[in-house]
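These are my notes from going through one model, entry by entry. I wrote down what I looked up and what I found.

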Amino acid sequence: MVKPKTEEEIELLRENAILVSKTLAEVGKTVAPGVSTKELNRVAETFIRDNGAIPSFLGFEGFPAAICVSVNDVVVHGFPSDYVLKEGDIVTADIGTLYKGYNGDSAYTFPVGEVSAETRRLLDVTKASLYKGIEAAVAGGRVGDIGHAVQSYVESFGFSVVRELEGHGIGREMHENPGVPNFGRRGQGPKLVDGMTICIEPMVNAGGRSVYLDRNGWAVHTADRSNAAHYELTVVVRHGHAEQLSTFDYIEKDPKINF
Ligand code: MG
Ligand code: MG
């Protein structure tokens with residue numbers, strides 16, 4: 001049984017969610033051809049620490065960097081590296097914060113310069129599927145309603161949903177119950193209750209849904225080497241509609257950011 005969050009806890013989660021949202025925008029301002037993925041990590045870590053928070057991914061189960069940076073066929077959990085972004089790439093920043101004892105966690109896939117029409121469509125469909133999932137996350141429903149909304153939308157465009165990884169509850173721990181898969185059936189799974197805080201995070205492949213784990217034990221690649229996109233927001237489940245705690249507004253209302 002998942003314990004709903006109090007209003008005080010929801011406000012602490014909101015503070016984290018806003019900080020993560022702003023950090024994603026800082027990364028977005030930095031993404032460009034010629035920039036290394038290590039540099040994105042540096043920008044994010046500096047911003048998080050300057051705001052009095054801790055990058056929660058650093059050291060999490062041994063993860064070696066402040067944020068996950070996943071390029072092209074890497075779905076999630078990429079290591080920042082000396083790789084230099086080039087025109088036409090896509091790069092996902094997945095960022096977590098720990099602040100005042102609570103967690104933030106959100107992700108965004110950025111185009112690097114101009115991307116192909118097919119890649120553009122992958123980004124647009126994946127992000128739209130996240131909003132479909134959020135619409136389905138209302139008190140009285142089931143976790144399967146979210147997965148069904150994401151999956152049916154994504155598959156209607158011929159893309160596929162990764163099944164090995166899922167969203168999650170969030171609070172004092174970064175990953176709490178319930179798990180929130182990006183596939184499923186309406187009316188199935190744990191019940192959604194007022195005050196539940198969850199991260200919804202579709203991971204979508206342009207090609208098939210199969211993935212494999214990199215030799216480094218972390219990065220998850222598409223098996224067919226097709227591109228993958230990943231968008232994540234934190235929401236609080238309410239009667240009527242899910243309320244977003246994190247937001248992409250800092251990215252999408254900034255004219256300097258290519259998104
Ligand atoms: Mg995340
Ligand atoms: Mg997450």
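Where does E61 lie? I found E61 in the loop between β1 (54-55) and β2 (68-71). The model is a predicted one, and I kept that in mind for every entry.

**Entry 1: backbone angles.** I looked up E61 for its phi, which is near 50°, a positive value in a residue other than glycine. E61 has a relative accessible area of 67%, so I put it down as exposed. I then turned to N72, which is not a glycine and has a positive phi of about 55°. N72 is in the loop between β2 and β3 (74-76). Its relative accessibility is 15%, and because buried means under 20%, N72 counts as buried. I also checked a peptide bond: the one joining N177 and P178 is cis, with omega about 0°. P178 belongs to strand β8 (residues 176-180). I noted these cases because most residues other than glycine have a negative phi, and most peptide bonds are trans.

Entry 2: D94 sits in strand β4 (residues 90-99) and E232 in the loop between β13 and β14 (233-236), so I recorded a pair 138 residues apart that links distant parts of the chain. Both D94 and E232 are buried.

**Entry 3: magnesium ion (ligand 2).** I found ligand 2 coordinated by D105 (OD), H168 (NE2), E201 (OE) and E232 (OE), at 2.1 to 2.2 Å. The donor residues of ligand 2 are spaced D-x62-H-x32-E-x30-E in sequence. The pair D105 and E201 again links distant parts of the chain, 96 residues apart. D105 is in strand β5 (residues 102-111), and E201 is in the loop between β9 (197-200) and β10 (203-205). D105 counts as buried because its relative accessibility is 3%. E201 is buried too, with a relative accessible area of 6%. I looked up the gap between the two magnesium ions: they are 3.2 Å apart, and D105 coordinates both.

**Entry 4: H230.** Leaving aside neighbours within four places in sequence, the contacts of H230 include D94, Y108, T126, E201 and M203.

**Entry 5: core and helices.** The largest nonpolar core has 55 residues, and I noted V27, V91, I95 and F110 as those with the most contacts inside it. Not counting residues up to four places away in sequence, F110 touches V27 and V91, among others. I then looked up how helix α1 (residues 7-30) packs with helix α2 (residues 37-50): their axes come within 9 Å and cross at roughly 145°. The crossing of α1 and α2 is right-handed. Among the residues that meet there are L19, V27 and T30 in α1, and L40, V43 and F47 in α2.

How values were computed:
Residues are numbered from 1 along each chain as its sequence is written. Chains are lettered from A and ligands numbered from 1 in the order in which they are written. This is a predicted model: local features need pLDDT of at least 70, side-chain atom pairs count only at pLDDT 80 or more; totals for chains, interfaces and linings use all residues. Side-chain values use heavy atoms; hydrogens and water are left out. Contact means heavy atoms within 4.5 Å. Helices (H or I, at least four residues) and strands (E, at least two) are DSSP runs, numbered from the N terminus. Buried means under 20% relative accessible area, exposed over 50%, partly exposed in between (1.4 Å probe, protein chains only). A nonpolar core is a set of buried Ala, Val, Leu, Ile, Met, Phe, Trp, Tyr and Cys residues joined through side-chain atoms within 4.5 Å. Axes are lines fitted to C-alpha atoms, for helices over the stretch in contact, and angles run from 0 to 180 degrees between N-to-C directions. A crossing is left-handed if the near helix is turned anticlockwise from the far one by less than a right angle, and right-handed if clockwise. Donors are N, O and S atoms within 2.8 Å of the metal (3.2 Å for Na, K and Ca); water is not among the atoms, so sites may look incomplete.
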